[in-house]
Amino acid sequence: MNPPKCDHCDEPAVVHEVTLKNGIKSEIHLCQEHAREAGVSMPTHQPINQLLSQFVISHSAKARAKSKKTCPGCGMTFGRFRQSGALGCADCYETFEQQLAPLIERAQNGATHHRGKTPVRAGSSVDRQLLITQLVKELDQAVGAEQYERAAQLRDRLRDLNPGTAGNGPGDRGRTASSETAPTDS
Amino acid sequence: MKFSTPGPWLSDDGPDTDVVMSCRVRLARNIAGFPFVGRANDAQRREILRIAQQVVLSLDLADGMFWVDLSHSPARDRQLLMERHLISRHLAEAEFPRAVAVSGDETLSIMVNEEDHLRMQVLGPGIGLSDLMDRINEVDDAIESRLDFAFSQRWGYLTACPTNVGAGIRLSVMMHLPGLKLTGEIDRLRRAAKDLHLAVRGYYGEGSESAGDFYQVSNQITLGRSEQDLLAEFRDRILPQIIEYEQHARQMLVERNPTLLDDRINRAVGILRSAHLLGAEEAMKLLSRVRLGIRLKRLHGIDLNKVNHLLLQVQSAHLQQSIGADLNPDQRREARAKLVREALS
């Protein structure tokens with residue numbers, strides 16, 4: 001059975017309300033956008049487990065479309081992850097990145113990138129350059145999409161990696177980093 | 001399996017042991033190239049065990065490091081390790097190849113094939129989290145010099161459950177909160193904890209109930225912050241608030257309801273000194289009240305360390321180990337009551 005769509009548009013519904021009055025059942029299904037318009041607010045602080053399961057459920061329509069993807073490392077599907085709550089192997093993070101990223105961001109209070117300890121073996125100069133290249137790409141995309149909060153986080157990450165890349169303007173740092181460390185394929 | 005001393009983390013020598021009994025820092029790590037434990041087959045799990053055993057025992061991580069193959073250990077030994085907080089309930093009860101390495105002084109334990117390949121933890125009395133952080137980092141660095149861990153530049157250390165990804169770190173403290181419990185404020189703490197991104201769990205961590213007003217409080221954020229940042233916030237901002245909250249509740253009880261307080265404390269002593277059947281949960285609850293009485297100086301003549309020791313000794317596996325026999329539940333209640341009566345008489 002397909003999940004219900006929003007009563008006002010074709011987006012999948014994430015808010016569902018079923019009421020019984022005088023024996024008559026009425027249902028309301030709203031997408032995130034229309035739920036917000038209708039003044040339905042999501043509770044902001046919830047236990048992580050609850051948050052995760054709700055989030056996974058609310059995205060089940062999109063997830064289902066993508067759940068055919070199978071992790072090359074372990075054969076895991078996103079659907080199976082949804083049931084168990086555990087990923088199958090390290091490659092799952094890459095395979096399901098698109099679906100996992102918003103989920104992790106919400107569970108981790110908005111954090112999108114690791115800022116802690118790095119294993120010595122992972123901190124080699126090649127990896128570092130690759131990382132910087134990747135960050136610069138992401139920063140350019142974020143600035144282009146006017147995602148300033150994300151751009152600021154990316155900039156912080158770049159600054160942590162290489163203090164010499166810190167400029168002043170919002171786009172400057174990214175460009176400086178890319179030209180000094182590793183050319184992007186733009 | 002026999003431990004001759006109470007867990008060193010159960011002493012009152014650490015800082016701030018009034019409210020914080022003990023603390024723990026745990027890191028979750030996975031060995032690159034293997035599926036996570038839940039997705040691995042038994043042959044892969046055995047291979048992970050073999051690698052971990054070889055690395056852990058060949059490194060000079062701690063004095064008297066010993067290895068326990070949990071798949072071949074009696075249930076009572078596994079419960080004993082769990083009661084000493086050296087393994088999780090999940091690891092004690094699982095049914096596939098798994099093990100734990102424990103240091104001679106029991107302050108370090110490395111669980112193998114828990115939810116992640118390696119879950120290494122250091123335990124200490126009181127609130128000495130900073131020292132524990134240094135210690136676990138040494139252990140992590142030493143193991144990492146021999147093993148490649150699953151790591152991504154974006155997500156950090158990759159863990160089976162994405163809620164642990166990033167630093168893979170769990171800072172936790174075992175708190176004694178009888179004041180908040182008696183004043184009914186514990187629910188407010190639980191609500192506040194959600195806002196602070198903390199988990200408040202029972203005595204044995206995830207999935208367990210609180211016993212004797214002991215609660216395990218830990219961080220939930222593991223991504224986007226350095227380990228030192230997480231530690232500083234937990235130690236300097238969050239914990240002092242909870243400690244103050246508990247101390248305030250205790251003070252309120254002393255000032256506003258001393259009769260109720262003395263009743264609860266002395267009633268607990270009365271039951272512990274005269275009961276002939278005693279369940280583990282009841283014993284924990286009553287010992288908690290006695291601990292509160294000693295801490296508030298409303299009870300005299302009972303040694304605090306003895307009470308702390310009893311908190312461990314009344315638990316089922318410890319009780320049976322001290323008797324040297326397997327007991328049924330009725331026999332345990334009787335033996336427990338006898339142990340407590342004699343200790344407190």
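**Exercise 1. Find the residue that stands opposite V217(B) in β10(B), then place the strands.**

Step 1. V200(B) stands opposite V217(B) in β10(B). The model is predicted: local features need pLDDT of at least 70, side-chain atom pairs count only at pLDDT 80 or more, and totals for chains, interfaces and linings use all residues. Residues are numbered from 1 along each chain as its sequence is written, chains are lettered from A in the order written, and side-chain values use heavy atoms, without hydrogens or water.

Step 2. Strand β9 (residues 198–201) of chain B runs antiparallel to β10(B), joined by 4 bridges. Strands are DSSP runs of E, at least two residues, and helices are runs of H or I, at least four, numbered from the N terminus. Pairing takes at least two DSSP bridges between two strands.

Step 3. Strand β8 (residues 169–176) of chain B also pairs with β10(B), antiparallel, over 5 bridges. There, M175(B) has Y215(B) as its bridge partner.

**Exercise 2. Decide whether β10(B) is enclosed or open.**

Step 1. Buried means under 20% relative accessible area (1.4 Å probe, protein chains only).

Step 2. F214(B), Q216(B) and S218(B) point one way, Y215(B), V217(B) and N219(B) the other, and all are buried.

Step 3. That is 6 of the 6 residues of β10 (residues 214–219) of chain B, so the strand is largely enclosed by the rest of the structure.

**Exercise 3. Trace M175(B) into the largest nonpolar core.**

Step 1. This core has 60 residues; I110(B), I143(B) and M175(B) touch the most other members. Helix α7 (residues 227–256) of chain B gives the most, 8 residues. A core joins buried Ala, Val, Leu, Ile, Met, Phe, Trp, Tyr and Cys through side-chain atoms within 4.5 Å.

Step 2. Beyond four places in sequence, M175(B) contacts (heavy atoms within 4.5 Å) residues including V19(B), F214(B), L239(B) and I243(B).

Key: Buried < 20%, exposed > 50% of the residue type's maximum accessible area, 1.4 Å probe, protein only.
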